[in-house]
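Have the structure open while you read.

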Amino acid sequence: MDELTANIKDKLIEILNLTDVTPEDIDENAQLVGGELGIDSIDVLEMVVMVEKDYGVVISNKEIGEKVFSTLKNLVEYIRSNSLTLAS
Amino acid sequence: MNITHPSIHIAGVGIVSPLGSDVDKTLASLQANHSGIAPLRVFSVKQQPALLVGQAEISEDFATLPRTHRLAMAAAKQAMAGQDCTPDAVVVGTTTGGISRTEKLLAENSQDPTSYMYHGLTTVAEAIGKEVQCNGERLTFSTACSSGAVAISMACRMLESGKSQWVLAGGADSLCLLTYYGFHSLQLVDKQGSRPFDISREGMSVGEGAAFLLLTNKKLKHSYGVVAGYGLSCDAHHAAAPHPEGKGAENGMKLAMDRAGIKADQVDYINLHGTGTPENDLAESKAVRRLFDPPPALSSIKGLSGHGLAASGAIEAVISVLCLKHDFLPANGGCKEVDPECGIKPLASPASQPVSTILSNSFGFGGNNACLVITEKEPEIVRSQDDEVAPLSIIGKSCITGAGHTMDSLGKFFTLESMAGVLETKIVAEKLAARSIRRLKRFSQMALALAQAAKEDFGIQQAPHGVFMGSSWGALSETYDFLENLRQTDEKFPSPLDFVGSVHNSAAGQIAIRYGATGPNLTSSGGDYSFEQAVLAADGFLEKETRRNTALVIAADEYHSHLSPLLDSSVRESNFAADGGGGFYLCRKNIPGKVSVSPSFYGKSNGETLSECIVALGGREHVKNNCAMILAGIPAAQAQAGEQQLDCFMKEVDIDVPVIHYRKFIGEFGSASAVAAVMATQLIESGEIPVGKSVLLLGFGSNCTALEFVMQG
């Protein structure tokens with residue numbers, strides 16, 4: 001697991017207060033929203049805030065959001081390819 | 001024997017909204033199809049451009065009060081203008097209270113507690129009560145965007161029971177950072193302004209306003225109309241999104257029409273909730289289409305007025321009255337192309353046509369629905385009800401204090417040791433599934449733990465029908481965290497989770513979702529008398545009919561290290577951190593061997609109150625012969641007045657029974673009386689109280705309240 005993936009897993013556990021989940025429990029390819037973790041639309045909004053605040057990546061519409069948050073892997077990739085903070 | 005309900009007449013109306021500062025201006029705006037939605041100017045925001053909002057023009061009157069109070073006072077005064085009566089009760093729906101001022105004070109890091117004196121939701125009802133000289137109940141309901149309609153429904157119950165003859169009821173909310181950024185964080189705000197039912201709608205326009213109706217069960221020479229029916233329901237589905245099929249909405253509309261004794265085809269016009277959010281408008285349309293075939297004329301005014309939140313139900317009730325009076329229907333402003341998926345045809349422009357029966361919808365966070373039927377004339381049908389009112393039996397109970405959960409707290413009580421303190425949040429929630437509370441902070445976790453324990457104490461797997469919650473201050477942690485986060489991020493990153501959790505009824509909504517409670521879902525906030533208000537609401541709405549006769553009644557308050565000492569004068573006085581609450585599973589049924597609770601009295605403390613309280617308790621002789629113990633609740637900040645009142649009470653009934661000042665053991669927090677109520681129940685159940693005798697839970701201070709607990713034979 002690369003550093004960014006590990007960081008984002010930690011952040012998700014923290015902001016969504018997934019106290020009974022460890023980073024290893026989060027399958028990068030599994031359905032993120034509506035899947036086993038019990039993440040729903042309100043959590044997505046909280047994740048949108050985190051992604052913009054911590055990585056400077058704005059997820060501006062629902063269509064992009066649906067793709068980005070479909071799996072953890074997609075989320076990490078989207079942040080990696082759009083974050084100016086990371087690039088610098 | 002059957003008795004008939006009196007009709008609830010509307011004797012006066014008042015309104016202040018983005019559509020105008022009185023009835024005439026509001027009507028003129030609607031007739032001209034004028035929109036009151038514009039860029040925010042009431043306060044400045046750091047994130048630009050400012051969003052479009054609905055803001056009201058208010059006069060300079062009552063300048064020392066926060067904005068919500070000023071809006072409320074203006075509308076209440078209009079409703080009372082020219083009336084020669086004094087309301088027996090004031091019932092207010094509000095979600096914001098004095099938050100607009102608190103936001104500024106917190107930003108300035110003000111440590112002056114007196115400057116926060118109008119923070120509490122209850123202070124709106126108190127201000128109005130004082131202005132109109134009402135010495136009876138001053139009740140406050142906070143059920144998000146249905147609050148105003150809920151307040152009107154409660155007023156109807158009080159009038160139908162005959163306990164009140166005149167009730168001033170309505171709703172008020174002002175724009176503030178919390179709602180402005182909160183709905184924005186949920187992506188529920190349309191940057192183009194609200195366009196209800198439009199194919200490309202993107203959300204609401206947050207608004208403000210106030211409206212009040214003077215209601216009576218007396219026949220009037222001149223009546224503005226009749227509140228013929230009301231229906232309260234809960235989706236029990238999601239904290240912030242409606243049931244996708246509008247099931248709760250449908251249920252609310254159906255209950256309101258049943259109550260009014262009308263069929264769907266008798267409704268001339270539906271005033272839709274229609275906020276402009278994609279989810280609400282679709283769900284509401286589906287519900288309307290299932291009930292009405294074809295639907296009557298309908299529209300949402302929120303594309304013109306913005307969403308007045310707690311005020312909206314009352315604003316739209318007053319507008320319904322205007323529609324009846326002028327045979328006029330407002331347009332569904334903002335909508336250019338109707339969403340075919342909604343499958344309804346909202347009025348594209350204002351219409352003139354005869355209208356005599358209106359259904360008005362209000363839905364809120366927590367799936368909280370309240371629908372009203374407002375008619376020109378009294379309904380023709382004779383509504384009847386069984387005149388034998390069954391008691392509220394306690395079939396389960398729970399409490400949390402600094403000493404721990406129910407048994408740990410009760411253990412301390414029986415040895416008269418202090419249980420005051422702040423129980424670790426981890427222990428509060430120890431029996432709750434981690435997943436079920438991950439988005440909840442202390443207040444909601446406490447409420448959910450109390451609900452679960454009260455239900456387990458009952459022991460039988462049966463979903464409660466209703467949920468009645470009481471809290472002085474609501475979710476302090478979420479409110480503080482939301483505002484603090486906003487400040488730290490230059491208003492850029494408001495937390496959607498904290499906003500959803502900050503609404504007063506978030507806990508009651510969670511309880512409903514957890515247990516599938518689809519009946520009335522009310523959250524009261526009456527300062528130190530919030531639990532008593534919740535019991536009054538349960539007494540008002542719990543029916544005798546099986547499957548509709550059970551409810552969870554919970555009251556709780558959390559201690560917040562920053563806010564509690566600033567907001568609660570009794571916390572400051574005691575200088576000791578304490579919190580907790582009590583929970584009951586109630587059933588409207590006579591159950592021999594179970595303790596019942598009766599909300600015997602609730603009034604403003606003044607010279608005559610004690611005598612009235614004693615009369616309400618059955619008279620001096622009755623109290624003397626039956627009362628075996630008194631649990632007295634005197635908030636520390638009102639010790640002197642409260643002690644005097646207690647002293648007078650004891651002298652007036654001339655009894656010598658043990659009196660326990662329960663706050664000395666439980667601690668100083670608003671919902672301490674709910675814990676004391678659990679103690680009262682336990683005392684009777686355990687045989688400490690002689691058979692047939694009662695325990696009185698009396699509240700003194702700014703109000704005088706009495707709850708009577710007795711074992712049923």
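A:Asp43 and B:Arg439 join their side chains in a salt bridge, 2.8 Å from N to O; the term covers a side-chain nitrogen of Lys or Arg within 4 Å of a carboxyl oxygen of Asp or Glu. Across the interface of chain B and chain A, the rule finds five salt bridges. Keep in mind that this is a predicted model, where local features need pLDDT of at least 70, side-chain atom pairs count only at pLDDT 80 or more, and totals for chains, interfaces and linings use all residues. Residues are numbered from 1 along each chain as its sequence is written, chains are lettered from A in the order in which they are written, and side-chain values use heavy atoms, leaving out hydrogens and water.

**Where the chains meet**
- The contact (heavy atoms within 4.5 Å) takes in 21 residues of chain B and 22 residues of chain A.
- About 1600 Å² is buried between chain B and chain A, with carbon and sulfur atoms giving 52%; this is accessible area (1.4 Å probe) that two parts lose on being put together, summed over both.
- On the chain B side, B:Arg435, B:Arg438 and B:Phe493 lose the most area to chain A, together 43% of what that side buries.

**Aromatic rings**
- Rings of Phe, Tyr and Trp (its six-membered ring) pair if their centres lie within 6.5 Å; planes under 30 degrees apart are stacked, over 60 edge-to-face, and the rest tilted.
- That rule gives twelve aromatic pairs over all chains.
- One of them is B:Tyr180 with B:Tyr181, edge-to-face at 5.0 Å centre to centre and 90° between the planes.
- B:Phe183, B:Phe365, B:Phe482 and B:Phe499 make up one aromatic cluster.
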